[in-house]
Amino acid sequence: MEATLAPTSSTVAMNTDTRIYLDNAATTALDPAVLEAMMPYLQSHFGNPSSIYSYGRETRLAIETARKSVAKQLGTRPGAIFFTSGGTESNNTAIAASIRDLGCRHIITSPIEHHAVLHTVEYWAKQGSVGHSFVALKACGEVDLEDLERQLAEQQANGVRCLVSLMHANNEIGLLLPIRQVGAICQKFDAIFHSDCVQTVGHYPINLSEVHVHFISGAGHKFHGPKGCGILYVNEEIKIQPFIFGGGQERNLRAGTENVYGIVGFAKALELAMEHYERDSAYIQELRGYMRRRLEETVPGIDFNCNGDTLYTVLSACFPKSEKTEFLLMNLDIRNICVSGGSACSSGADIGSHVMRALNRNDKYVTLRFSFSKFNTKEEIDRVVDTIRELV
C-alpha cells in the first residue's frame, strides 16, 4: 500500500516549511485542532482553578473534564490520573514515592532507560536509600524476563521489596516492552511496577485496567499536544505523598497552580490520537517501511536496531562508521533535515548514546534515529534518502 493521507487543514499547515522534520520522538508539532481547544484558556478563560467565583469554576470544570477524558482513553478512573509538567516529573514522582511511601528498598531497571529514570535511580542510590541493579538484556535490548524473575525472587527471599522501572518503549531504538508479562511477574513478587510510557501514550491504545502496573508516565508533546503538560497514573490500590508541596492542588498530590491550557491540550491531543489511531498508525507504519526499504537499496552495509516488536514511529538506522557518516547528522542539519543521534535530552553533549553503548553498537556504526508523524510525507522521505546518498 502506498502511503497517502487525505489533505486536511492541519496537514497543509505543517507542510509550508522547507525544513523536513523527522525527529518526532523528541517532540511533535502542535496539532492545529489542539491549539484551537487551548485558545480560550489562553485568553478569556484565564481564572485560577482554585478560585471559587465564576472564572475559577469554569477553569476547574475544564480540568476535571480533561481528567475524565484522559482516564476514559486509558481505561482507568479519573481519580487515578494526575497532571504534571511532563514525563520527567512523573518519573521522578513515581520513583521517589516508591522509596519513601511504599517501602521499596531495591530498584531493578535497565541500562537503556531514559535519563529521567536512570539519573533519578542513581540519585536515590547515592543517598543510601536503596540498592539498585540492571536486568539482563538480550542482544537487541529485550529484557530478559527470566533474569527479572530471578532478581525479584532473590530480593524477596531477603525480605526486600522492589521497584521495577522499565519503559514501555525505548525512545532511541523503539524497542517495545512486553508490559503485561512484566506486570504479571511484578505481581507475583509483590513488586511495585513503574513504566515510562512517554513514547506509547498517544501512540497505542492502552487499557490500564488490563495491566498490573502501579505508575505510568505520559507527555503531551509526544503526540501533537503542548509541551509542559504530562500525566502520572497512580494505581488506586496504593497511596503516596506529594512530590511538590504547597497549595494542595491535584488532590493534594501535586501543588502549584494548574497549567489549565496545557491540561486541556493534553486531553484533546490524546482524544484525537486515539480517534484516528488506526488511520494514522497505518500511514506512519507505511512511511517507516518505505524509508527502510529505500535506505537498504541506497546505503551499502546499513543495519537497523530492533527488527522485532518496535514502535511504528521510530526507525533506528546504523550506518557503517566512516569519515562521511560521522558527520552525517550535522550535514543533514545543514540541508534543513532534522533527525537525531539519540535522545534529545542529551543534545549538545558529545558523549554518545548510552543506549548504543549498552548494546555494543558504538564502535562499528553511526546511529541515526528517524521518527515519523502523521504530518510527514513520502516525498519528504525521498528527499531525505536522496540527500543521504549524496552525503555518504
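What is the mean pLDDT of the protein, and what share of its residues reach 70 or more? The mean is 92, and 93% of the residues reach 70 or more. Keep in mind that this is a predicted model.

**Stop 1**

Colour the chain by pLDDT. Select residues 1-16. Here the pLDDT is below 50, and the stretch has 24 contacts in the model beyond near neighbours in sequence. Now select residues 345-350. The pLDDT is below 50 here too, with two contacts beyond near neighbours in sequence. Where pLDDT is low, predicted coordinates should not be read in detail.

**Stop 2: the seven-stranded sheet**

Show the cartoon. Find the open sheet of seven strands, ordered E2-E8-E7-E6-E5-E3-E4. Its pairing is mixed. Step from strand to strand: the twist averages 20 degrees each time.

Which strands stand at the edges? They are E2 and E4 (131-134). Each has a single partner strand, so one side of each is left without a neighbour in the sheet.

Zoom in on E2 and E8. They pair in the antiparallel sense over four bridges. Select Phe82, then its bridge partner in E8, Leu232.

**Stop 3: the largest nonpolar core**

Next, the side chains. The largest nonpolar core has 50 residues. Select Val70, Leu74, Phe83, Leu148, Leu152, Val164 and Val182, which have the most contacts inside it. Elements giving two or more residues to this core include strands E2 (81-84), E5 (161-165) and E8 (230-234). Among the helices that do so are H2 (32-42), H3 (54-74) and H6 (145-157). Helix H9 (260-275) gives the most, with ten residues.

Centre the view on Val164. Which residues does Val164 contact, leaving aside neighbours within four places in sequence? They are Ile108, Leu148, Leu152, Val182, Cys186, Ala191, Ile192, Phe193 and His194.

A second, separate core has 33 residues. Select Ile20, Tyr283, Leu328 and Val339, which are included in it.

**Stop 4: two cysteines**

Select Cys162. Is Cys162 buried or exposed? Cys162 is buried, with a relative accessible area of 2%. The closest cysteine sulfur is in Cys104, 7.4 Å away. A disulfide needs the two sulfur atoms within 2.5 Å, so that pair is too far apart for a bond.

Move to Cys197. Cys197 is buried as well, at 1% relative accessibility. Its sulfur is 13 Å from the closest cysteine sulfur, in Cys186, which is also too far for a bond. The disulfide count for the model is zero.

**Stop 5: the three-stranded sheet**

Turn to the open sheet of three strands, ordered E9-E10-E12, with antiparallel pairing. E9 and E12 are the edge strands, each pairing on one side only.

Select E10 (residues 314-320). Why is E10 largely enclosed by the rest of the structure? Six of its seven residues are buried, so the strand is largely enclosed.

Now look at the partners of E10. E9 (residues 303-304) pairs with E10 over two bridges. E12 (residues 365-371) pairs with E10 over seven bridges. Select Cys318 in E10. Asp303 stands opposite Cys318, and the bridge partner of Cys318 in E12 is Thr367. Then pick Val314: Ser371 in E12 stands opposite.

**Last stop: the helix across the sheet**

Select helix H10 (residues 277-298). H10 lies across E9, E10 and E12. The helix runs at about 10 degrees to E10.

Key:
Residues are numbered from 1 along each chain as its sequence is written. This is a predicted model: local features need pLDDT of at least 70, side-chain atom pairs count only at pLDDT 80 or more; totals for chains, interfaces and linings use all residues. Side-chain values use heavy atoms; hydrogens and water are left out. Buried means under 20% relative accessible area, exposed over 50%, partly exposed in between (1.4 Å probe, protein chains only). Two strands pair if DSSP finds at least two bridges between them. A nonpolar core is a set of buried Ala, Val, Leu, Ile, Met, Phe, Trp, Tyr and Cys residues joined through side-chain atoms within 4.5 Å. Contact means heavy atoms within 4.5 Å. pLDDT is the predictor's confidence in each residue, from 0 to 100. Axes are lines fitted to C-alpha atoms, for helices over the stretch in contact, and angles run from 0 to 180 degrees between N-to-C directions.
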